[in-house]
Amino acid sequence: MQIDYIEAIETFHKGIFHAFIVIEPWDRIIMGGFLDGKISLWNSTTMTEIDCIYSHKDCVTCLCFVESQQILISGGRDKFIKIRRITQDSLDEDDIVLVEHTDVVRSLLYIPKINVFLSAGNDPE
C-alpha cells in the first residue's frame, strides 16, 4: 500500500507544510516543516506525530538531516538557520542559531565528504 505522505500530514496537522524530508536510514521516519514555524517528527507507518517543536517565528522553508551527527538543520522565513539534535523518538528542545540571513532562507545542503553545509536565501547581493 502506497502512503500519500503529503495528504496524511496535512490531515493530521490541519495546516499546510512547507518543507518535507524522509529520513531514509531510520525507516519510517519523516519530518515536516510548517507555515506556523512548527517542525514535526512523524511515524510514516502509523501516520502519527512522534514529537514536535515550534522552532521558527515564521514558516519553516527548508530542512536538512545530518545522519552522522544526528542533527537537524532548519531554515525559515524568519531569516534564521537553526541546528538541533534529533533521535528517532524526539527533537531536542534546545537549538543553536547558527547564522542570520538578511532575507528568507531558501535551501540547505550538507556535504558529508568535507563535513560542510551550505545555505542559500533571498539575500540581496
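Okay, housekeeping. Residues count from 1 along each chain as its sequence is written, and side-chain values use heavy atoms, with hydrogens and water left out. Since we're on a predicted model, local features need pLDDT of at least 70, side-chain atom pairs count only at pLDDT 80 or more, and totals for chains, interfaces and linings use all residues.

So, the cores. By nonpolar core I mean a set of buried Ala, Val, Leu, Ile, Met, Phe, Trp, Tyr and Cys residues joined through side-chain atoms within 4.5 Å; buried is under 20% relative accessible area, exposed over 50%, partly exposed in between, with a 1.4 Å probe and protein chains only. The largest one has 14 residues, and Met-31, Ile-39, Leu-63, Leu-72, Ile-86 and Leu-91 touch the most other members. Strands β1 (17-23), β2 (29-34), β3 (38-43) and β5 (60-66) each supply at least two of its residues; strands here are DSSP E runs of at least two, numbered from the N terminus. Apart from that core lies another, of 10 residues, including Cys-62 and Ile-73.

Next, Ser-74, in strand β6 (71-76). Buried or exposed? Buried, because its relative accessibility is 1%. Its side chain makes a polar contact with the His-56 side chain at 2.8 Å. That term means N or O atoms within 3.5 Å, one able to donate a hydrogen and the other to accept it, and sequence-adjacent residues count only if both atoms are side-chain atoms.

Last, Ile-50 in β4 (48-54). At 32% relative accessibility, Ile-50 is partly exposed. Its C-alpha is 7.0 Å from that of Ser-90, 40 residues apart along the chain.

Conventions. Helix = DSSP H or I, 4+ residues; strand = E, 2+ residues; numbered from the N terminus.
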